[in-house]
Amino acid sequence: MVIGKRAVVIGAGVGGLAAAQALVGSFEQIVLIERDVLPTQADARAGVPQGRHPHGLLPGCVEALDTLFDGFSTKLCDAGAKVSDFGQKLLLEFSAQAAPPERRLGIPVIKCSRGLIEWVARRELQPQKSIAILDGRRVTGMVATPDGNAVAAVRYETQAGAQETIAADLVIDASGRGEPTLDFLRATGRAAPEETAMRIDMNYSTAIVEFAPQNRPAYDVLRTMPAPPGNTRQGLLLIREDDRFFAAFGARGNDAPPSEWPELLEFSKALQTTTIYDVLMHAKPYGKIYRHKFPENRRRYFERYTGWPRGLIALGDAICRFNPVYGQGMAAAAKEALLLRDLLSSRKSAAQPLDGLFEALMKAASPVLDNIWMLAAMPDLAFRETHGVRPENFDEAMKFNAMMQRAACVDADIHKLVVEVMSLLKPGSALKEEHVVEKIKRLATQFDAAKDSLEA
Ligand SMILES: Cc1cc2nc3c(=O)[nH]c(=O)nc-3n(C[C@H](O)[C@H](O)[C@H](O)COP(=O)(O)OP(=O)(O)OC[C@H]3O[C@@H](n4cnc5c(N)ncnc54)[C@H](O)[C@@H]3O)c2cc1C
């Protein structure tokens with residue numbers, strides 16, 4: 001049984017692709033409209049400039065995609081993505097902090113380019129009869145019902161400049177910036193949603209590099225973290241499906257990684273450690289270096305909105321954009337899509353299943369977003385460049401984070417739990433349970449004592 005005739009999804013990014021799959025079985029037809037002409041391979045594209053930069057696929061994201069698209073991770077690996085255990089082939093270097101030893105945690109982590117993730121998802125959607133992908137079409141607006149209380153249609157422009165309109169019972173705005181939603185609210189005399197912005201001014205440069213077999217790094221992922229509050233420089237090496245590596249660098253405020261290889265290599269020397277530089281010295285750059293600016297984390301509180309129009313849903317970055325360095329954006333979008341799928345199937349026998357749908361989705365999604373926002377905002381607030389209000393317990397929370405890292409070095413269960421929380425497999429509250437807090441404090445003290453006696 002379906003809920004409506006047609007749903008339109010704006011944007012074929014990770015959010016739009018996941019949302020289209022979530023709608024299968026609930027609508028007779030699902031139309032995905034994308035402004036880019038979509039590549040037939042796993043390539044980056046203009047509409048998602050961030051796709052040229054590494055996209056860490058958190059296990060919490062994979063879990064959601066596996067539930068939406070049956071066996072997504074297997075298909076991704078069949079298409080070339082690399083998989084290993086989260087505790088192995090992955091080195092995370094924290095400033096003034098030991099990294100946990102390599103150990104098997106039983107949590108698989110998949111590594112590939114963002115282009116491959118989208119391509120595999122598109123390949124899953126394309127053969128389905130109820131799905132139509134209209135690429136090379138830019139959505140220019142939404143049409144309201146005569147009373148202004150609901151969305152009735154979507155307008156778009158083809159590459160040839162033709163203006164077309166398609167009727168829809170439900171519209172999902174997965175356009176990233178969410179402009180179609182904000183425009184519709186304005187056009188129907190509604191207020192913009194309440195929002196919070198946290199200025200972080202992140203600057204990125206990403207190269208793709210190749211290694212001769214004898215120079216290949218021992219790790220698939222090598223990450224050197226910055227040292228707040230003053231040193232914002234960080235680096236990441238991440239393996240790709242083609243056996244090359246992303247070599248990505250970040251810095252905040254007026255500091256920005258350069259766009260030419262020799263300078264970028266020099267920049268890698270100035271990280272907290274020279275681990276990445278030592279490896280990159282033997283690498284050969286492949287292709288262009290891309291830069292990106294990410295000015296702010298932003299969250300729109302749609303859950304607080306009253307008088308929301310029927311048949312309109314925002315999803316993914318259109319709701320919340322997180323500092324990309326924590327790799328949470330795709331997971332948030334995929335988790336929202338999964339919640340939408342479950343809500344739609346629970347409403348199939350309701351008289352008016354679309355009434356209050358977005359309100360119900362936001363009610364279910366807001367604890368997920370609270371958790372992710374907390375995980376991203378706390379570390380961001382440690383930097384001088386961040387403009388945001390520190391919570392009262394900020395220093396205490398940062399101290400606890402550092403203890404958690406030390407405890408993870410000496411205890412496999414805490415290591416696993418920290419990874420599960422950071423990977424969005426478990427909520428942050430799992431680390432706040434009394435017995436866990438006590439164990440972390442005890443282990444951190446043990447770690448400090450062992451370090452002191454070694455140094456004595
Ligand atoms: C530098 C950088 C690195 C990142 N790294 C990670 C990472 O490691 N892990 C992670 O999980 N996330 C990462 N992210 C975040 C991630 O890219 C986003 O959270 C995720 O892409 C959100 O998906 P989305 O579908 O909401 O939006 P997008 O992926 O931005 O997709 C929006 C789509 O809508 C299309 N579109 C826009 N307007 C229109 C229109 N008017 N008509 C038709 N189509 C339209 C666009 O062309 C695009 O295809 C990173 C972001 C940046 C900036």
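Helices (H or I, at least four residues) and strands (E, at least two) are DSSP runs, numbered from the N terminus. The model is predicted: local features need pLDDT of at least 70, side-chain atom pairs count only at pLDDT 80 or more, and totals for chains, interfaces and linings use all residues. Residues are numbered from 1 along each chain as its sequence is written, and side-chain values use heavy atoms, without hydrogens and water.

**View 1. Helix α4 spans residues 114–125.** Its twelve residues reach 17 Å from the first C-alpha to the last, close to the 16 Å expected at 1.5 Å a residue; the expected span is 1.5 Å times one less than the number of residues.

**View 2. Surroundings of helix α4.** Nine of the twelve residues of α4 are buried, so the helix is largely enclosed by the rest of the structure. Buried means under 20% relative accessible area (1.4 Å probe, protein chains only). Among the buried residues are Arg114, Glu118 and Arg122. The buried residues of α4 pack against α1 (14–23), β2 (27–33), α3 (72–78), β6 (131–134) and α8 (329–346), with contact meaning heavy atoms within 4.5 Å.

**View 3. The largest nonpolar core has 110 residues.** Such a core is a set of buried Ala, Val, Leu, Ile, Met, Phe, Trp, Tyr and Cys residues joined through side-chain atoms within 4.5 Å. Leu23 and Leu76 touch the most other members. Helix α9 (residues 357–380) gives the largest share of this core, eleven residues.

**View 4. Contacts of Leu23.** Not counting residues up to four places away in sequence, Leu23 touches Ala7, Val9, Ile30, Leu170, Ile172, Leu340 and Leu344.

How values were computed:
Buried < 20%, exposed > 50% of the residue type's maximum accessible area, 1.4 Å probe, protein only.
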